[in-house]
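Thanks for coming. I will talk through one part of a structure, so please have it up on the screen.

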Amino acid sequence: MSARPAATRRTVLRGAALTPVAGLGVTACRPVGDDRSAPPAGPVELGPESEVSAGGTKLYREHNVVVGRGEDGSLTGYSTVCTHAGCPINKLDGTRLVCPCHGSEFDATTGKVLREPAVAPLKPLVVEVKNGTLVARRD
């Protein structure tokens, strides 16, 4: 015979009642639309080169990309898919990206984490100018 006590009716009913709630918690951490939360698979045209001025940044929500331009004119780009739970980041405040899911923050010019729960930096992208248009792609 087992030394473990048998589950009471109350314990079984409580477990059954909490199971759907636990599933909601897991679902809430998943991105809303998997296709919208992916970094660009191939080269994507973002817009005119003039949209990002020296020392500035621009968030391209529809492509999950942020582009920054240094004072020297150099371009940087990062995927704006949060490295914590895969949510698409939809807010740029100056050079600070803010994830709507759990509040992680990233530096849009370096990709570095500024605020947890994310601990991994954003994935870098290659940004080039082709015929006056910004084009981003994975490296």
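A polar contact here is a pair of N or O atoms within 3.5 Å, where one must be able to donate a hydrogen and the other to accept it. Keep in mind that this is a predicted model.

With that cut-off, look at Thr80. A polar atom of the Thr80 side chain lies 3.4 Å from the backbone nitrogen of Val65. Thr80 sits in the loop between E4 and strand E5, and Thr80 is buried, at a relative accessible area of 0%. Residues that Thr80 touches include Leu59, Val66, Cys87 and Leu97.

Now the strands. E3, residues 65-69, pairs with E4, residues 75-79, in the antiparallel sense over five bridges. Within that pairing, Gly68 is opposite Thr76. The two strands form a hairpin with five residues between them, and Gly73 in the turn has a positive phi of about 95 degrees. E4 is also joined to E9, residues 124-130, by two bridges, again antiparallel. There, Gly77 has Leu125 as its bridge partner.

Last, the cysteines. How many disulfides does a search of the whole structure find? It finds one. Cys87 and Cys101 form it, with their sulfur atoms 2.1 Å apart. The torsion about their S-S bond is about -105 degrees, so the disulfide is left-handed. Cys87 is buried at 1% relative accessibility, whereas Cys101 is partly exposed at 34%.

Cys82 is buried at 4% relative accessibility, and Cys99 is buried at 3%.

Conventions
Residues numbered from 1 in each chain as written. Predicted model: local features only at pLDDT ≥ 70, side-chain atom pairs only at ≥ 80, totals over all residues. Heavy atoms only, no water. Pairing = 2+ DSSP bridges. Helix = DSSP H or I, 4+ residues; strand = E, 2+ residues; numbered from the N terminus. Buried < 20%, exposed > 50% of the residue type's maximum accessible area, 1.4 Å probe, protein only. Contact = heavy atoms within 4.5 Å. Disulfide = S-S within 2.5 Å. Lists of a residue's contacts leave out its neighbours within four places in sequence.
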